[in-house]
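Dear colleague,

Please find the structure below.

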Amino acid sequence: MTLLVDFDGVIGTEVKYTGPGSGRAFLATSSRDSAALRRMVDAGWAVVIVTASRSRLIEEYAQRHGAYCVASRDKLFSMLSVMNEEDIRGAVAIGDDISDIPMLKAAGRAFCPADAHPALLKQFTPLKAAGGRGVIQEIETLLKDDKVY
């Protein structure tokens, strides 16, 4: 099985420090989501972080957790670069913003965090968790409950 997941607004966010000595950036993520992501990879899931921005920090996060990272503003095109259409239809996808809609529509099951853009909350299955606050952990639980995991 494949999990396609946006980074910013779902797993966490890249925070850019703009104070004295600015130019530094770090990732704000949930340790619960990191652990759930790792468990899914260990269970055989192919996890693909599909992000609009190329970021060394996000690429390193993906690598540390055994996930793939694909960066492109056209997320559906990004998905097609690593999967065929049949695999995409069998995938689970999570996104939080308008740019994620094509990816979510193409996936077999689509979810969004509780604080996603209102258009996504109307079209896809909203989760109880807000972005960066246990989204991956909730998906892992839902998939286990549905016997998909």
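The notes cover the overall chain, the cysteines and some salt bridges.

This is a predicted model, in which local features need pLDDT of at least 70 and side-chain atom pairs count only at pLDDT 80 or more, while totals for chains, interfaces and linings use all residues. Residues are numbered from 1 along each chain as its sequence is written, and side-chain values use heavy atoms, without hydrogens and water.

The chain has seven helices and eight strands (DSSP runs, H or I of at least four residues and E of at least two, numbered from the N terminus). Of its 149 residues, 45% are buried (under 20% relative accessible area; exposed is over 50%, partly exposed in between; 1.4 Å probe, protein chains only).

There are zero disulfides (cysteine sulfur atoms within 2.5 Å). Cys112 is buried at 0% relative accessibility, and Cys69 is partly exposed at 28%.

Six salt bridges are present (a side-chain nitrogen of Lys or Arg within 4 Å of a carboxyl oxygen of Asp or Glu). One of them joins Asp42 and Arg38 at 3.5 Å, N to O; both residues lie in helix H1 (residues 31–42), four residues apart.

Arg39 pairs with Glu140, with the closest N and O atoms 2.7 Å apart. Arg39 is in helix H1 and Glu140 in helix H7 (residues 135–145), so this pair ties together parts 101 residues apart in sequence. Glu140 also bridges to Lys144, at 3.8 Å between the closest N and O atoms, which links Arg39, Glu140 and Lys144 in a network of salt bridges. Within it, Glu140 is buried at 3% relative accessibility, whereas Lys144 is partly exposed at 42%.

Regards
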